Amino acid sequence: MKLQFLGATGTVTGSKYLVAAGGASVLVDCGLFQGFKPLRLRNWAEPPFDPARIDCVILTHAHIDHSGYLPLLVRRGFRGRIYCSDATMDLCRILLPDSAHLQEEQAEHANRFGYSKHSPALPLYTRDDADHALRLFEPVEFGREWHPVPGIAATLAPGGHILGASIVRLAADSRTLVFSGDLGRDNDPIMRAPAVVESADALVMESTYGDRLHATADAESRLADIVARTAARGGVVIMPAFAVGRAQTLLFHLERLKAARRIPAQLRVYVDSPMATDATAVYLQHPALHRLTHEQCERLRHAARHVTSVAESMELDASAWPMVIIAGSGMATGGRVLHHLKRFAPDARNAIVFAGFQAGGTRGEAMVRGAGQVKIQGEYVPVRAEVHNLDMLSAHADRDELVRWLRHFRRAPRRLFLTHGEPAASDALRRHVAEQLGWTCEIPEYLQSVTI
């Protein structure tokens, strides 16, 4: 069994792994690169493999940095099946068309206002490409072994990161290869803890938070303080959030804070993301995958006013009253949140609240780092609003949670690869695993190939 690393090396985005065994080729994850421009340019370049020769794809979860390249893969010749959990398929039906719409919208906006270096600016892929990709999806139950291609057995187990997130186990040539995907938290208020894995010949594990621990401060207290102070001075709270996972977590806490009168009960909360609205409804369809009761899911759906049209979204920017706006994307790389940032970031009365990891080269990372201005749609926007990152709301396991997950292995994998992390995080986790467990870790490079 051979493994090649086609993404998520030296970065937390672009997750792609090519597994070859018994004459078959399986792609585990198929995500977009985000962040620094050299990474984003990889999305446009010819892929370092022939999409037409890939037999199938197996997804760990629906986030765009793990699934967002699929429409382009199909456009470039892929015709196999795309396997994933039921919930991942349901979420991809929401996320992939939305990603395509965003690509088309950004290209149209760049052409209208002339800030692209390309004439005309083109979308990376279209809604038709996304629709073609969705026709190839085939859901698989957790815990059921199946053969995606002859000679390779596969099994999915819950990863806990978001709804439907999976740990992928492949067995071929008397070897087992496990991909952790993005691992969730032990005590997440919404998602259940990731499944235990006890053995693997080789393990590919994420390291997003490999160099840090999540803050122990109470998330609701921090959130209550920020929202109440901002509202008291007549300001607006902008919350860039991934439509799947972080948007629901923020709604969960805001609904509880209102019910407890820790923030003004009359404060208007808006979800300016049709995708997040649809994703919240998916939680009702998969009750076994999360901790929420049916009643809590319903409260989540009605915890905010849902903005559907672009016109309604633009009307929010003309509003003068205090409010909370949750809008995509989580690292402020695109979507409706950009219009809100242009409008509200220059005003010191307002606040911008991130809820998780900000990849290098993204607007979110720049603002969290303290940048005085960010470039949005061709123009520089001053950032005078308060900026906060509540990383205790992250959906990723931190350093100690990752090590605790590894302790369930009966013996060390023969090879342990750390991916999906920026260099400092991956290397810090490598050292910590060596100190705590005595295991040797490898940090692969982009396009590196290994034999399992």
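I began with the cut-off: a disulfide is a pair of cysteine sulfur atoms within 2.5 Å. The model I am reading is predicted.

**Entry: cysteines**

I checked Cys-84 against that cut-off. Its closest cysteine sulfur is in Cys-92, at 5.8 Å, so the two are too far apart for a bond. I then looked up Cys-30, whose closest cysteine sulfur is also in Cys-92. That separation is 10 Å, and therefore too far for a bond as well. I noted zero disulfides under this rule.

I also looked up the accessibility of both residues. Cys-84 has 0% relative accessibility and counts as buried because the limit for that class is under 20%. Cys-30 is likewise buried, at 0% relative accessibility.

**Entry: the sheet**

I traced an open sheet of six strands and wrote down the order S7-S8-S9-S10-S11-S20. The pairing is mixed. Which strands form the edges? I found strand S7 (146-149) and strand S20 (415-419) there, each pairing on one side only. On average, neighbouring strands of the sheet are turned by 25° against each other, with direction ignored.

S7 and strand S8 (residues 152-158) run antiparallel and are joined by two bridges. Trp-146 is placed opposite Ala-154 in S8.

**Entry: helices on the sheet**

I looked for helices in contact with these strands. Helix H13 (residues 399-406) lies across strand S9 (166-172), strand S11 (202-206) and S20. I noted an angle of about 160° between H13 and S11. Helix H14 (residues 423-437) also packs on the sheet, where it touches S11 and S20. The direction of H14 makes about 150° with that of S20.

**Entry: H7 and H9**

For a helix pair I took down the angle between the axes and the distance between them, since packed helices are described by these two values. Helix H7 (residues 246-259) and helix H9 (residues 294-301) have axes that come within 9 Å. The axes cross at roughly 95°. I recorded H7 as roughly perpendicular to H9, because angles of 65 to 115 degrees fall in that class.

Which residues of H7 meet H9? I listed Gln-248, Leu-251, Phe-252 and Glu-255 on the H7 side. Their partners in H9 are Gln-296, Arg-299 and Leu-300. Sorted by class, the contact of H7 with H9 has three nonpolar, two polar and two charged residues.

How values were computed
Residues numbered from 1 in each chain as written. Predicted model: local features only at pLDDT ≥ 70, side-chain atom pairs only at ≥ 80, totals over all residues. Heavy atoms only, no water. Pairing = 2+ DSSP bridges. Helix = DSSP H or I, 4+ residues; strand = E, 2+ residues; numbered from the N terminus. Axes fitted to C-alpha atoms, helices over the stretch in contact; angles between N-to-C directions. Contact = heavy atoms within 4.5 Å. Buried < 20%, exposed > 50% of the residue type's maximum accessible area, 1.4 Å probe, protein only. Parallel < 35°, antiparallel > 145°, perpendicular 65-115°, else oblique. Nonpolar A, V, L, I, M, F, W, Y, C, P; charged D, E, K, R; others polar.
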